Amino acid sequence: MTALLEIEGLCVAYGGLRALQDVSLSVAAGQFVTVVGPNGAGKSTLFKTISGVVRPTAGRIRFQGNDLLALSASRRAHLGIAHVPEGRQVFKTLTVRENLEMGAYPESGRAQWTRTLERIHTLFPVLAERATQLAGTLSGGEQQMVAIGRGLASAPKVLMLDEPSMGLAPAVADTIFERISQIHREDGVTILLVEQRAVEALELSDHGYVLETGQVVLDGPYETLLADDRVRRSYLGLSDA
Amino acid sequence: MGLEILIENVLNALAAGITIGCIYGLMCIGLGLIFGIMKVVNFAQGELLMLGMFASLYLVTGGGVLAFLGPFVGPFVGAILAGPIVFVGGALLHKALIARVSGLRTAGTLDEGHFGQLIVTLGISLILQNGGLILFGSTPLTVRTPLASRAFEIGPVYGDATVFLNKARLIACAVAIITAVGLWLLLEYTRLGKALRAAADNPTAATYMGIDVERAYRIAFGLGSGITAIAGGLMATYLSFSPFIGLDYVIIMYSGVVLGGMGSILGAFWGGLTVGFVQQCSALVLPPQLQNAAIFVVFLLIVMLRPQGLFGRSAERA
């Protein structure tokens with residue numbers, strides 16, 4: 001399998017504070033990869049470095065063979081990387097429809113706009129109902145749907161989701177997970193997910209990484225992670241018995 | 001007899017209020033884009049207005065390239081062309097200075113870059129005022145058009161009471177409305193306009209969408225500069241100006257933008273219209289020195305009763 005996204009020896013520092021240390025990670029086309037870890041482990045930093053809003057001090061990021069670090073942040077979205085950021089970050093003063101249109105800003109998104117919009121409305125029918133409403137007036141769950149829809153609108157090769165269940169009622173979070181899984185299975189979009197709800201996230205994924213204080217401490221398929229006692233106790237909330 | 005005079009005065013004040021108000025509305029839209037939407041504090045906005053006036057003046061009068069258009073059409077074409085000229089100036093100013101204190105660089109910081117913007121734009125304002133003094137001199141000037149001393153007469157509507165519509169102001173008012181509607185359509189319906197609003201709303205998320213935020217801010221700043229400059233060019237046809245005229249108008253622009261409600265282009269236009277209207281109508285009852293005081297009394301009243309502005313909408317979920 002050839003890697004779609006390949007990260008090697010990535011180091012990021014905020015001032016003197018090291019946020020990521022020698023992180024290597026690989027995502028193959030069509031894979032569902034999850035990164036779990038406690039707060040402050042550097043999960044969001046990892047995503048921001050891939051998107052380009054944070055610059056690494058060392059390491060390489062390659063996407064389909066292109067050196068991402070040589071590109072400005074805004075150019076990276078045009079390659080087919082969609083980032084659904086932590087805390088949703090919808091355009092509050094734009095309507096739901098305009099938010100989705102902005103997702104389709106890259107050429108690939110514009111070319112397939114009618115089809116993707118239909119798909120987004122199938123996945124999240126509420127977005128069709130609320131098309132003309134300002135995104136800032138929606139509930140948290142609906143805003144998360146806007147954020148995911150906006151990511152999908154660019155017809156991305158890889159969809160990066162940063163804690164999509166954060167701050168949502170469990171039932172809403174379940175729906176969101178189901179949709180993400182659907183996007184992966186039915187649309188064949190490669191998924192890179194960061195999540196605190198590790199059980200649900202890892203169950204869906206082909207491969208998982210455990211990130212602690214800026215370092216990858218463990219990686220492997222769900223079964224491997226499940227077999228690790230530390231992971232079972234810390235992230236999966238399962239006892240040994 | 002007394003009633004006729006009163007009616008004539010009131011009707012003429014209303015007519016002047018609406019025509020001048022529309023031009024103020026356009027002027028406020030420029031700041032509305034920069035301050036209301038992009039959230040960049042710009043104290044040099046009055047100087048952009050002044051540059052619009054001088055750009056129009058030098059295009060139209062003397063050996064200016066538009067001198068062949070004559071005194072009837074020239075001043076208005078000059079005003080419109082002042083827009084693109086100051087647009088370029090504004091965009092360069094943004095690239096060189098404003099970009100350092102706005103946009104992505106300050107997104108998420110404690111003051112969102114406002115302190116830096118305050119100092120930088122005040123400095124730019126001072127440089128432009130005094131630079132203008134060196135280049136243009138301090139003699140009050142005006143872009144002469146014979147239309148400024150001609151008027152359409154409506155009436156007599158009641159007895160001898162007649163409404164006079166100054167031709168220069170009427171044309172300026174029409175140009176202002178057309179420009180304002182054009183900008184509104186651009187922001188509301190084009191891909192570029194939506195990208196500008198998205199970049200202003202959330203610069204980081206806009207970057208994730210593939211929008212070049214720095215460029216979006218530069219275009220928005222240029223547009224805001226150019227729009228105010230067009231208003232300046234229009235005003236230059238009916239009032240005399242010098243390099244320090246910006247001082248008088250920057251406060252009017254801010255009150256218009258805040259009155260209309262931050263973040264709305266239409267609101268900024270209505271805010272400017274309200275300010276112009278109040279200013280002209282107050283002339284009926286107040287001495288000219290108190291006209292600007294009247295603006296602020298109305299301003300305070302509106303802000304007390306409708307803190308979100310006349311047309312502001314609250315986008316945040318409570």
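Modeller: Two residues are in contact if their C-beta atoms, placed from the backbone, lie within 7 Å. This is a predicted model, where local features need pLDDT of at least 70, side-chain atom pairs need 80 or more, and totals for chains, interfaces and linings use all residues. Residues count from 1 along each chain as written, while chains are lettered from A and ligands numbered from 1 in written order.

Biologist: Thanks! Which residues of α11(B) meet α10(B)?

Modeller: Helices here are DSSP runs (H or I, at least four residues), numbered from the N terminus. α10 spans residues 265-282 of chain B and α11 residues 291-305. From α10(B) come Val275(B), Val278(B), Gln279(B) and Ser282(B), and their partners in α11(B) are Gln291(B), Ala294(B), Ile295(B) and Val298(B).

Biologist: How many residues of that contact between α10(B) and α11(B) are nonpolar?

Modeller: Ala, Val, Leu, Ile, Met, Phe, Trp, Tyr, Cys and Pro count as nonpolar, Asp, Glu, Lys and Arg as charged, and the others, Gly among them, as polar. In the contact of α10(B) with α11(B), no residue is charged, three are polar and the nonpolar ones number five.

Biologist: Now, at what angle do α2 and α3 of chain B cross?

Modeller: Axes are lines fitted to C-alpha atoms, for helices over the stretch in contact, and angles run from 0 to 180 degrees between N-to-C directions. The axes of α2 (residues 45-60) and α3 (residues 70-96) of chain B come within 8 Å, and their crossing angle is roughly 130 degrees.

Biologist: And which residues of α2(B) meet α3(B)?

Modeller: On the α3(B) side, the partners include Gly74(B), Pro75(B) and Gly78(B). The α2(B) residues are Leu48(B), Leu51(B), Gly52(B), Ala55(B), Ser56(B), Leu59(B) and Val60(B).

Definitions and conventions. Helices (H or I, at least four residues) and strands (E, at least two) are DSSP runs, numbered from the N terminus.
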